[in-house]
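Here is a short note to read beside the model. Please keep the structure open and find each residue as it comes up.

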Amino acid sequence: MAWTSTLGFVTSGGRGSKAVPKSCIESAEYIIQCYHAQKILPWAAGQSRAPHVYAEFGNKTFNISDTQDFHNSAAGITDYDFGDSLPAEGQGIICLNKTGADLTSDGGYNMHLGAVVATGDGAVLISNMMEAAHVAVSSGTIQVMEIAKAEDFLEQLGDGDTYAIGLLRT
């Protein structure tokens, strides 16, 4: 499939072509901010940029750029209603633990975030970066996955009853 990518995070063949933070949170935020600026921005660990990025769920919205440990307030959140649509290029998806339990103690993840970097016929490419625990965030070539519906991004985490899915936007 040929992919359309406004900022060139991936080639038309879908291969990663730009460096982004190796953290799912930082890469999604960075990519969305680049789309807002309509250009590739410089990145450095710990650097803040504008505008803020928000995670919108069915019943709650979080400012992920400004609210440290926002996931600690996620108990009881509900899914964002994507319907049959996908986020647009420059938006993203967040899968957030809605149970209030700490999944990190047993090797699980409390959240995963990705930003849409290319569109195709009925599908999108979404960033899929993951950092090693307790390691300083560095940059690397973007890794992506193809999804045809928002829930496809959630499937890599497993249990849909544990996570709510939300829209990432500025």
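**Notes on the model**

1. In strand 6, A118 has L125 as its bridge partner. Keep in mind that this is a predicted model.

2. Look next at the turn. Strand 5 and strand 6 make a hairpin, with 4 residues between them. G122 is in that turn, and its phi is positive, about 80°.

3. Strand 6 also pairs with strand 8 (residues 144–147). These two run antiparallel and are joined by 4 bridges.

4. Which way do the residues of strand 6 (residues 124–127) point? V124 and I126 point one way, while L125 and S127 point the other way. All of them are buried.

5. Now turn to helix 1 (24–37). Its 14 residues should span 20 Å at 1.5 Å a residue. The end C-alpha atoms of helix 1 are 20 Å apart, so the two values agree.

6. Is helix 1 enclosed or open? Of its 14 residues, 10 are buried, so helix 1 is largely enclosed by the rest of the structure. Among the buried ones are A28, Y30, I31, I32 and Y35. The buried set also includes S27, E29 and Q33.

7. Two cysteines of helix 1, C24 and C34, are on the buried list as well. C24 has 7% relative accessibility. C34 has 0%. Both values fall below the 20% cut-off for buried.

8. How many disulfides are there? The count is 0. C24 is in none: the nearest cysteine sulfur belongs to C95 and is 9.5 Å away. For C34, the closest cysteine sulfur is in C24, at 17 Å, which is too far for a bond. A disulfide is a covalent bond between two cysteine sulfur atoms, so distance settles the matter. The cut-off used here is 2.5 Å.

9. The largest pocket has a volume of about 1000 Å³. Its lining has 36 residues. Nearest its centre lie S23, I25, E26, M111 and E131. Helix 1 and strand 5 are the elements that give two or more residues to this lining. Helix 1 gives the largest share, 5 residues.

10. What classes of residue line the largest pocket? The lining has 15 nonpolar, 15 polar and 6 charged residues.

11. Some backbone angles deserve a check. Most residues other than glycine have a negative phi, and most peptide bonds are trans. Q38 has a positive phi, near 60°, and is not a glycine. Q38 lies in the loop between helix 1 and strand 2. Its relative accessible area is 67%, so Q38 is exposed.

12. D69 is another residue other than glycine with a positive phi, near 55°. Find D69 in the loop between strand 3 (61–63) and strand 4 (92–97). Its relative accessibility is 43%, so D69 counts as partly exposed.

13. Where is the cis peptide bond that ends at P51? The bond runs from A50 to P51, with omega near 0°. P51 is in the loop between helix 1 and strand 2 (54–56).

Conventions
Residues numbered from 1 in each chain as written. Predicted model: local features only at pLDDT ≥ 70, side-chain atom pairs only at ≥ 80, totals over all residues. Heavy atoms only, no water. Buried < 20%, exposed > 50% of the residue type's maximum accessible area, 1.4 Å probe, protein only. Pairing = 2+ DSSP bridges. 1 Å grid on protein atoms, 1.4 Å probe; cavity = no way out; pocket = protein on both sides within 12 Å on 5 of 7 lines; lining within 4 Å. Points joined across faces, edges and corners; volume = space filled by probe spheres on them. Nonpolar A, V, L, I, M, F, W, Y, C, P; charged D, E, K, R; others polar. Expected span 1.5 Å × (residues − 1).
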